[in-house]
Amino acid sequence: MAANLVAATLRGGLYTRVVGRRIMFFQNLGSTMDEADRHGAAGVVDGTVVVAETQKASRGRFGRTWVSQPGNLYFSVVFYPTLMALPLLSPLAGVAVVRAIAKTTSLRPRIKWPNDVLIDGKKVAGILVESVISGEEVRYAVLGIGVNVALDPAELGELSTTATSLNATTEREVPREDLLRRLLQELDGLYLALRKGESPIEEWRGLLDTLGCRITASGGRESPAGIVEGITEGVDELGNLQLRLDDGRLITLTTGDVTLVQNGDPSGEPSEFRLPVGDGN
């Protein structure tokens with residue numbers, strides 16, 4: 001049985017004000033998202049964290065499911081943001097993941113819109129946000145993060161060209177407790193700043209690899225009939241992607257699967273909350 005990741009994290013000291021005030025660890029769980037959702041509905045304290053070593057029913061965007069394997073990092077956090085702050089939780093998490101990986105490994109990750117964290121163009125982490133809204137009020141939101149730490153890309157076959165892990169990239173064993181501690185601290189600082197009205201968008205925009213690229217997008221509300229294609233021109237103050245279509249129209253994508261297009265042909269993996277072995281929560 002794997003050691004208690006949370007106990008190891010706390011032994012090193014966790015200095016946060018909101019995120020991590022309560023932390024729950026499970027050796028095996030259906031989904032950290034589902035467990036955190038249950039606690040959010042019950043009114044658990046803001047910043048509660050649910051961590052799992054493995055999951056039997058991980059899920060990501062558009063209801064995708066798979067099995068999460070041990071040795072990686074899977075956790076979800078319960079937040080109580082305002083309605084205006086809610087769209088910024090995903091960009092906030094992207095910044096936190098990039099900062100934490102950089103400070104733990106000296107790697108320099110980038111972000112593929114909307115929620116994939118990349119190293120050398122390969123996916124290493126994913127982010128998912130779900131929320132319950134009543135009228136004009138957010139009852140609670142759950143932020144899920146999955147990071148490939150110990151995944152061996154050599155075992156992925158064709159998917160090894162699109163995914164990687166921290167251990168494989170650094171060629172050493174990255175201490176998960178150090179990464180989790182740093183991630184929770186980065187989330188805490190960014191969340192406290194967000195509550196004061198400070199947006200993470202500027203830093204997040206500077207980390208995006210998707211801007212200025214030709215892409216196809218599907219699955220979003222803006223493309224109900226299928227796939228749209230165009231050149232990305234930027235992101236707005238809420239992190240929505242601005243796409244210039246070939247007919248000259250400028251549309252705004254709030255969600256969807258994004259695929260880069262090279263030489264007129266789609267290539268690469270869709271930008272979604274799914275790592276080959278599992279980054280779901």
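The structure is a predicted model, in which local features need a pLDDT of at least 70 and side-chain atom pairs count only at pLDDT 80 or more, whereas totals for chains, interfaces and linings use all residues. Residues are numbered from 1 along each chain as its sequence is written, and side-chain values use heavy atoms, with hydrogens and water left out.

The side chain of aspartate 209 meets that of arginine 110 in a salt bridge with an N to O distance of 2.8 Å, a salt bridge being a side-chain nitrogen of Lys or Arg within 4 Å of a carboxyl oxygen of Asp or Glu. Aspartate 209 lies in the loop between helix H6 (201-207) and strand S9 (214-218), and arginine 110 in strand S5 (residues 110-112), so the pair ties together parts that are 99 residues apart in sequence. Helices (H or I, at least four residues) and strands (E, at least two) are DSSP runs, numbered from the N terminus. Arginine 110 is likewise partly exposed, its relative accessible area being 28%.

A further salt bridge joins glutamate 229 and arginine 214, whose closest N and O atoms are 2.9 Å apart. This pair links distant parts of the chain, with glutamate 229 in strand S10 (residues 228-235) and arginine 214 in strand S9, 15 residues apart. Both residues are partly exposed, glutamate 229 at 31% relative accessibility and arginine 214 at 27%.

The loop between H6 and S9 also holds glycine 212, which counts as exposed at 58% relative accessibility. Its C-alpha atom is separated by 5.7 Å from that of glutamate 233, a residue 21 places away along the chain. When residues up to four places away in sequence are not counted, glycine 212 touches Ile231 and Thr232, contact meaning heavy atoms within 4.5 Å.

In total, the structure holds 14 salt bridges. One of these brings together the side chains of lysine 103 and glutamate 186, at 2.7 Å from N to O; lysine 103 belongs to helix H3 (residues 89-105) and glutamate 186 to helix H5, so that the pair links distant parts of the chain, 83 residues apart. Glutamate 186 counts as buried, at 7% relative accessibility. Both residues take part in a network of salt bridges that links Arg99, Lys103, Arg182, Glu186 and Glu203.

Helix H5 (residues 176-195) has 20 residues and reaches 28 Å from its first C-alpha to its last, close to the 28 Å expected, the expected span being 1.5 Å times one less than the number of residues. Of the 20 residues of H5, 14 are buried, so this helix is largely enclosed by the rest of the structure. Just after H5, glycine 197 takes a positive phi of about 95°.

A search of the whole structure finds one aromatic pair. The rings of phenylalanine 79 and tyrosine 191 have centres 4.3 Å apart and planes at 40°, so the pair is tilted; rings of Phe, Tyr and Trp (its six-membered ring) pair if their centres lie within 6.5 Å, and planes under 30 degrees apart count as stacked, over 60 as edge-to-face and the rest as tilted. Phenylalanine 79 lies in strand S4 and tyrosine 191 in helix H5, so the pair ties together parts that are 112 residues apart in sequence. Phenylalanine 79 is buried at 0% relative accessibility, as is tyrosine 191 at 1%.

Asparagine 72 is placed in the loop between strand S3 (65-68) and strand S4 (73-79), and counts as buried at 2% relative accessibility. Leaving aside neighbours within four places in sequence, its contacts include Val147, Ala150 and Arg176.

Confidence across the model, expressed as pLDDT (the predictor's confidence in each residue, from 0 to 100), has a mean of 87 for the chain, with 84% of residues reaching 70 or more. Over residues 61-67 the pLDDT stays under 50, and the model has 37 contacts beyond four places in sequence for this stretch. Residues 263-280 also have a pLDDT below 50, with 84 contacts in the model beyond near neighbours in sequence. Where pLDDT is low, the predicted coordinates should not be read in detail.

Conventions. Buried means under 20% relative accessible area, exposed over 50%, partly exposed in between (1.4 Å probe, protein chains only).
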